[in-house]
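Let's take a friendly walk through this protein model, from its overall fold down to a few single residues. Have the sequence and the 3D view open beside you as you read.

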Amino acid sequence: MALTNGYLQFFLGFLLLITMGGNMWSGARKARSVRVFYGLMGSDITMLFAGSADNFLLYATSDSPEKYIWLEGLLSGISDASYFCVLGLFILYLDVYGRDDDKPVGILALIGVIVSVIYAIFWLVSDFNGAIYTRDAETVMRGALYYIGQLGGYITGILSIVIV
């Protein structure tokens with residue numbers, strides 16, 4: 001399963017990279033919402049490429065995973081932290097889209113960004129100690145803080161709905 005996921009993540013990351021490059025080449029960079037959108041796409045690309053490399057590493061080292069456990073934790077942590085950056089930037093994008101650049105960001109968007117940053121750090125640290133989850137090339141096992149780890153996604157999802 002890790003190999004299939006790795007190829008899919010790499011392919012989607014490559015497509016997003018082409019899309020982002022085309023958008024940047026067109027010259028649209030001035031508005032705050034466009035800059036936030038580029039940050040969103042950049043975080044998504046980082047998440048996909050780090051997740052792809054993590055899956056390829058899991059597949060390649062499935063016979064002796066402890067040898068590269070630090071690298072797997074780092075790649076998985078970058079992917080997980082980038083995921084929460086995507087969530088935080090998406091909330092920020094929802095808030096700033098269609099608004100003048102001189103208007104301040106709303107309080108709900110700020111809360112969403114703060115929650116996303118806290119959970120990005122939480123998941124990054126957890127990828128080294130297995131508090132939220134552990135995995136190998138075929139399975140994912142829940143850790144002691146699994147349900148607390150899911151809470152950040154629910155909070156940001158609810159904030160996105162309220163902002164819309």
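## Overall fold

The C-alpha atoms fill a box of roughly 55 × 35 × 20 Å, taken along the principal axes. Of the 164 residues in the protein, 38% are buried; buried means under 20% relative accessible area, exposed over 50% and partly exposed in between, with a 1.4 Å probe and protein chains only.

A word on the background: this is a predicted model, in which local features need pLDDT of at least 70 and side-chain atom pairs count only at pLDDT 80 or more, while totals for chains, interfaces and linings use all residues. Residues are numbered from 1 along each chain as its sequence is written, and side-chain values use heavy atoms, with hydrogens and water left out.

## How the helices pack

Two packed helices are described by the angle between their axes and the distance between the axes. Start with helix α1 (residues 2-25) and helix α2 (residues 32-60), which pack at about 155° with their axes 8 Å apart. Here axes are lines fitted to C-alpha atoms, for helices over the stretch in contact, and angles run from 0 to 180 degrees between N-to-C directions. α1 and α2 are therefore roughly antiparallel to each other; angles over 145 degrees count as roughly antiparallel, under 35 as roughly parallel, 65 to 115 as roughly perpendicular and the rest as oblique. The contact of α1 with α2 is made of 19 nonpolar, 10 polar and 1 charged residues. For these classes, Ala, Val, Leu, Ile, Met, Phe, Trp, Tyr, Cys and Pro count as nonpolar, Asp, Glu, Lys and Arg as charged, and the others, Gly among them, as polar.

Next come α3 and α4, whose axes come within 8 Å and cross at roughly 175°. That makes α3 roughly antiparallel to α4. Their contact has 16 nonpolar, 6 polar and 3 charged residues. Finally, α4 and α5 pack at about 160°, with 10 Å between their axes, and are therefore roughly antiparallel to each other.

What volume does the largest pocket have? The answer is about 470 Å³. A pocket is found on a 1 Å grid over the protein atoms alone, as an open set of points with protein on both sides within 12 Å along at least five of seven lines, whereas a cavity is a set where a 1.4 Å probe fits but cannot get out; lining residues have an atom within 4 Å of a point. Grid points are joined across faces, edges and corners, and a volume is the space filled by probe spheres set on the points. The largest pocket has 24 lining residues, and S79, D80, W123, Y133 and R135 lie nearest its centre. Two or more lining residues come from each of α1, α2, α3 (69-96), β1 and α5 (146-163), with α3 giving the most, 5 residues. By class, the lining divides into 9 nonpolar, 10 polar and 5 charged residues.

The second largest pocket holds about 320 Å³ of space. Among its 21 lining residues, L58, I69, E72, R135 and D136 are the closest to its centre. At least two lining residues each come from α2, α3, α4 (107-129) and β1, and α3 supplies the largest share, 5 residues. The lining of this second largest pocket has 9 nonpolar, 8 polar and 4 charged residues.

## Two residues up close

With a relative accessible area of 37%, D136 is partly exposed. D136 and V113 are 23 residues apart along the chain, and their C-alpha atoms are separated by 31 Å.

M20 and M41 are 21 residues apart along the chain, and 6.8 Å separates their C-alpha atoms.

Technical notes. Helix = DSSP H or I, 4+ residues; strand = E, 2+ residues; numbered from the N terminus.
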